[in-house]
Amino acid sequence: MHEPYRYEVLPLDTPDEDPRWAAYLDIFDFGFLDRRSADASVETYRTHRRRDRATLGMVTTVGPGLAGRQPVGAFASAPFTLNAGAGIVDCLVINTIAVSPSHRRRGLLTEMMRLHMGDARDRGLGCAVLSASEATIYGRYGFGVATRQMDLSIDTARFHVRDDVDVAEGHIEFVHPLFLQPHFDRITLAHQSRYRGAHGRVHGHYLLHTGAWDRADEGPSRSLRAAVHFDADGVPDGFAIFKHKGWESSPVTAEVVQVCSPHPSVDRALWRCLASIDLVERLTYGSSHPGDPLPLALKDPWSVKVTGGDDAVWLRLLDLAVATRQRGFDADGDVTFRVIDPLGWCEGTWRLRADGGRGTVERSDATPAITLGVDALATLWLGDRTAETLALAGRVTGDPDAIRAFSRVFATDLPPVNLARF
Ligand SMILES: CC(C)(COP(=O)(O)OP(=O)(O)OC[C@H]1O[C@@H](n2cnc3c(N)ncnc32)[C@H](O)[C@@H]1OP(=O)(O)O)[C@@H](O)C(=O)NCCC(=O)NCCS
């Protein structure tokens with residue numbers, strides 16, 4: 001890193017009273033146009049980053065206006081998990097990135113990106129993930145949109161599950177969200193195990209989704225509410241968390257934050273229960289996905305409207321051989337293709353063989369029939385898009401028959417599902 005900049009890591013065992021904790025968090029608060037965090041927020045940040053075994057990278061510098069060497073850029077990443085279609089595997093999550101406006105466009109993000117991802121690759125991880133604030137930042141580092149989330153608006157008066165569709169029996173009760181704490185890890189892990197594309201949770205999710213912490217309240221949440229589904233043995237096997245938007249909302253709305261279970265029939269039971277809350281005319285939901293089966297299960301599918309959508313997860317393949325071994329394949333095949341990678345890690349021509357659900361790649365000297373960027377490969381990796389679709393967009397090029405064969409090898413029976421945002 002060029003002088004006077006220096007890359008450093010804020011150690012997780014830095015004493016609580018060290019002012020660098022607040023200075024570090026304030027890089028993010030400033031970058032995301034927020035007010036300075038209160039002491040309680042700094043304490044919560046410290047606790048959850050320690051629990052996550054995060055790497056708190058930062059760039060420090062000296063100069064006029066700075067009291068000694070101070071952080072002016074920060075990059076936090078942590079160990080994380082992904083269901084890549086053949087079980088849950090380790091990956092890297094890049095949680096937060098910000099560079100002070102007075103030090104932007106000098107390559108600080110690029111340096112920190114290379115350091116964190118290079119280290120993860122050296123440690124044997126196959127991929128890294130992040131969620132982006134702008135679509136134009138991360139393609140240059142080889143990230144592609146791998147899963148998407150859709151916003152739904154549900155008219156509760158028209159919400160009726162079809163008579164021929166199964167709804168889980170069992171019991172639903174409305175509880176204080178803290179009730180979820182002993183069950184949260186088990187239920188979210190069951191959901192993650194069920195769906196390709198699903199991520200694990202960092203400690204912050206646990207705090208936010210059990211109401212232990214609320215950013216706006218800077219303390220326990222007063223607005224979060226929870227419904228829990230209990231199986232026939234009385235064991236919680238799914239939950240919904242939501243917030244009433246109050247009488248000012250028109251129509252009167254409850255904002256559903258998450259419906260989480262490994263069973264679609266339990267999800268339906270929870271949705272039916274939420275839709276039956278007296279006085280609530282509309283449910284909104286920001287964690288749906290393009291393949292959400294909910295409307296198909298309803299008598300009136302138009303009671304559910306898609307009102308928006310968003311990139312949920314951007315994926316970066318760090319090591320193609322590792323990532324391929326960890327990916328589940330729903331089809332067999334043998335394809336050779338060229339990957340263009342701005343950082344070089346996956347650059348080259350590869351032969352991929354998929355058989356019986358698992359795949360391997362090796363470098364190849366053959367002339368590839370198709371070429372694609374590593375960002376396009378990330379976009380089809382979890383099954384959100386096919387190579388044929390990317391070819392229509394001009395992002396996969398080459399022989400049409402080879403593109404079709406390539407597309408089939410990577411196609412998945414179900415689109416990816418993910419409830420974790422980070
Ligand atoms: C986004 C941010 C971290 C970039 O940091 P930075 O140190 O200025 O980035 P770099 O100097 O390493 O820029 C690397 C490249 O990305 C480009 N770039 C950086 N930010 C960009 C943006 N917002 N949109 C488009 N391109 C961007 C730069 O122009 C540069 O391009 P080049 O390699 O072609 O010259 C910084 O602008 C920031 O903190 N923004 C506010 C918070 C934020 O958006 N964080 C990201 C959250 S996901």
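A cavity is a set of points, on a 1 Å grid over the protein atoms alone, where a 1.4 Å probe fits but cannot get out. The structure described here is a predicted model, in which local features need pLDDT of at least 70, side-chain atom pairs count only at pLDDT 80 or more, and totals for chains, interfaces and linings use all residues. Residues are numbered from 1 along each chain as its sequence is written, and side-chain values use heavy atoms, with hydrogens and water left out.

**Cavity**
- The model has 1 cavity of 30 Å³ or more.
- The largest cavity holds about 40 Å³ of space, a volume being the space filled by probe spheres set on the points, which are joined across faces, edges and corners.
- Its lining residues (those with an atom within 4 Å of a point) are Leu-82, Ala-84, Val-89, Gly-126, Cys-127, Leu-317, Ala-323, Gln-326 and Trp-381.
- By class, 7 residues of this lining are nonpolar, 2 are polar and none is charged. Ala, Val, Leu, Ile, Met, Phe, Trp, Tyr, Cys and Pro count as nonpolar, Asp, Glu, Lys and Arg as charged, and the others, Gly among them, as polar.

**Ligand surroundings**
- The shell around the ligand has 21 residues, of which Val-99, Arg-105, Gly-107, Thr-110 and Arg-140 come nearest; a residue is near if one of its heavy atoms lies within 4 Å.
- This shell is made up of 10 nonpolar, 6 polar and 5 charged residues.
- Strand E4 (88-99) and helix H3 (108-122) each give the shell at least two residues. Helices (H or I, at least four residues) and strands (E, at least two) are DSSP runs, numbered from the N terminus.
- A polar backbone atom of Arg-105 is 2.7 Å from an oxygen atom of the ligand, within the limit for a polar contact (a pair of N or O atoms within 3.5 Å).

**Second largest pocket**
- Helix H2 (39-52), strand E3 (70-83), helix H4 (181-194) and H5 each supply at least two lining residues. H4 gives the most, with 5 residues.
- The lining has 6 nonpolar, 6 polar and 5 charged residues.

**Annotated domain**
- In an unreviewed entry, UniProt lists residues 7-168 as "domain: N-acetyltransferase"; such annotations may be inferred rather than shown by experiment.
- This span is 25% helix and 33% strand, and its end C-alpha atoms lie 53 Å apart.

**Backbone exceptions**
- Most residues other than glycine have a negative phi, and most peptide bonds are trans.
- The bond from Glu-3 to Pro-4 is cis, with omega near 5°; Pro-4 is in the segment before strand E1 (6-10).
- Ser-250 and Pro-251 are also joined by a cis peptide bond, with omega about -5°, and Pro-251 is in the loop between strands E9 (236-244) and E10 (253-260).
- Glu-218 has a positive phi, near 45°, in the loop between helix H5 (203-209) and strand E8 (224-230).

Definitions and conventions: 1 Å grid on protein atoms, 1.4 Å probe; cavity = no way out; pocket = protein on both sides within 12 Å on 5 of 7 lines; lining within 4 Å. Polar contact = N/O pair within 3.5 Å; in protein donor to acceptor, adjacent residues only side chain to side chain.
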